[in-house]
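This report goes through one protein chain, from its overall build to single residues. Please look at the sequence and the structure first.

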Amino acid sequence: MTDFKDRERGEESKFAFDQETDFKIAARRNRLLGEWAAGLMGLTEEETDAYKKAVVQADFEEAGDEDVVRKLLGDLTGAECEVSEADIRAKLEECSVEARRQFMSDQK
């Protein structure tokens, strides 16, 4: 019985760790994505910092990435940037890889 309880606690700990890791990587990805979009819009350094935070916040609206894509598409379209939804999704994937790489290198 003790072995089962230990295994159960271990699985719960691993699940919590994985969830926390995924959250940190997604937040880092969103900051990178916000920085990219801010550069396209020609924002100042202070505006860029605020915008990166806004992109991270946008990800809390609903599960998945649609809320982030919607925000970026609306903001970039409003700023008259020539960016399509496909461009944003491609950049999102690129930033996901970079965020994971950065996170893993920080853990060493």
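## Helices and strands

Helices (H or I, at least four residues) and strands (E, at least two) are runs assigned by DSSP, and they are numbered from the N terminus. By this rule the chain has four helices and zero strands. Read from the N terminus, the order of elements is α-α-α-α.

The model is predicted: local features need pLDDT of at least 70, side-chain atom pairs count only at pLDDT 80 or more, and totals for chains, interfaces and linings use all residues. Residues are numbered from 1 along each chain as its sequence is written, and side-chain values use heavy atoms, with hydrogens and water left out.

## Overall dimensions

Along the principal axes, the C-alpha atoms of the chain fill a box of roughly 65 × 30 × 20 Å. The chain has a radius of gyration of 17 Å, while a compact globule of 108 residues would have one near 13 Å. This radius is taken over C-alpha atoms, and the globule rule is 2.2 Å times the number of residues to the power 0.38.

## Burial and the nonpolar core

A residue is buried under 20% relative accessible area, exposed over 50%, and partly exposed in between (1.4 Å probe, protein chains only). Buried residues make up 29% of the 108 residues in the chain.

In soluble globular proteins, nonpolar side chains tend to be buried together. A nonpolar core here is a set of buried Ala, Val, Leu, Ile, Met, Phe, Trp, Tyr and Cys residues joined through side-chain atoms within 4.5 Å. The largest such core has 14 residues, of which Leu33, Tyr51, Val68, Leu72, Leu76 and Ile88 touch the most other members. Two or more residues of this core come from each of α1 (2-41), α2 (45-58), α3 (66-78) and α4 (85-106). The largest share, four residues, is from α3.

Contact means heavy atoms within 4.5 Å. Not counting residues up to four places away in sequence, Leu76 touches Trp36, Ala37, Leu40, Met41, Cys81, Val83 and Ile88.

## Two glutamates in loops

Glu62 lies in the loop between α2 and α3. Glu62 counts as partly exposed because its relative accessibility is 35%. Leaving aside residues up to four places away in sequence, Glu62 touches Asp67 and Arg70.

Glu80 is placed in the loop between α3 and α4. Is Glu80 buried or exposed? Its relative accessibility is 71%, so Glu80 counts as exposed. The phi angle of Glu80 is near 60 degrees, a positive value in a residue other than glycine.
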